[in-house]
Amino acid sequence: MIPAADITGLILAGGRGTRMGHVDKGLQLFRDRSLAAHAIERLGPQVGPLAININRNHALYELFGLPLWPDLLPDFAGPLAGLQTGLSRCATPYLLTVPCDCPFFPPNLAQRLSAALQAADADLALAVTDGDDDESHSRPGGKPQRHPVFCLLKTTLLPQLNAYLQSGGRKMENWMTTLAMVDVHFDDRAAFSNINTLQQLQTLEQRPSP
């Protein structure tokens, strides 16, 4: 098992929040606390160093008392840009990323991903669940759904990521499939439910925690 101290956790909160009216997702309240606070509480015990990838509202995020790592690329270039800054700045052999808009991700995420990465001698491990990730048209037993923003990877992958971004690539899964990658299956699909709209935020508040 990879020691927690060897894994830097990075909360991805640098997006535009377009589908939520361009608000800063990480600062939206969910059960009386910000989504970023929920992510910190879940991820903190699983890793060593912890940081937040942000691109605005620095003063508000400074209140969490964690390092703030803005994208190296301009204009909200997407989650791969957050991954790039994480790989560039972390001082550990491994980086684990989670999005700020998924308050129920598993408390054993790092443990499961690191065990699979070592067993497969892979460079990258990511979470996978059954069915579609949109519950409005989910199908039990459907095509497995990858969740590339929930990934554990070696920091030595930075040169490959830099080259992909410099070529104009921006899609996480397209880049990841070029690497020695292992899928890690999680049974609880609801644990990876993310929040894209204010309506989804309100709906998820009414559900019991998985």
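This is a predicted model: local features need pLDDT of at least 70, side-chain atom pairs count only at pLDDT 80 or more; totals for chains, interfaces and linings use all residues.
A residue is called buried at under 20% relative accessible area, exposed at over 50%, and partly exposed in between (1.4 Å probe, protein chains only). Residues are numbered from 1 along each chain as its sequence is written, and side-chain values use heavy atoms, leaving out hydrogens and water.

**Cysteines**
- The model has 0 disulfides, a disulfide being a pair of cysteine sulfur atoms within 2.5 Å.

- Six strands form an open sheet with mixed pairing, in the order β4-β1-β5-β7-β6-β8; strands (E, at least two residues) and helices (H or I, at least four) are DSSP runs numbered from the N terminus, and two strands pair if DSSP finds at least two bridges between them.
- The edges are β4 and β8 (181-185), each pairing on one side only.
- Strands β5 (residues 94-99) and β7 (residues 145-154) run antiparallel over 4 bridges, and Thr97 has Cys151 as its bridge partner in β7.

**Around β4**
- β4 pairs with β1 (residues 7-12) in the parallel sense over 4 bridges, with Ala51 as the bridge partner of Leu10.
- Both faces of β4 (residues 50-53) are covered: Leu50 and Ile52 are buried on one side, Ala51 and Asn53 on the other.
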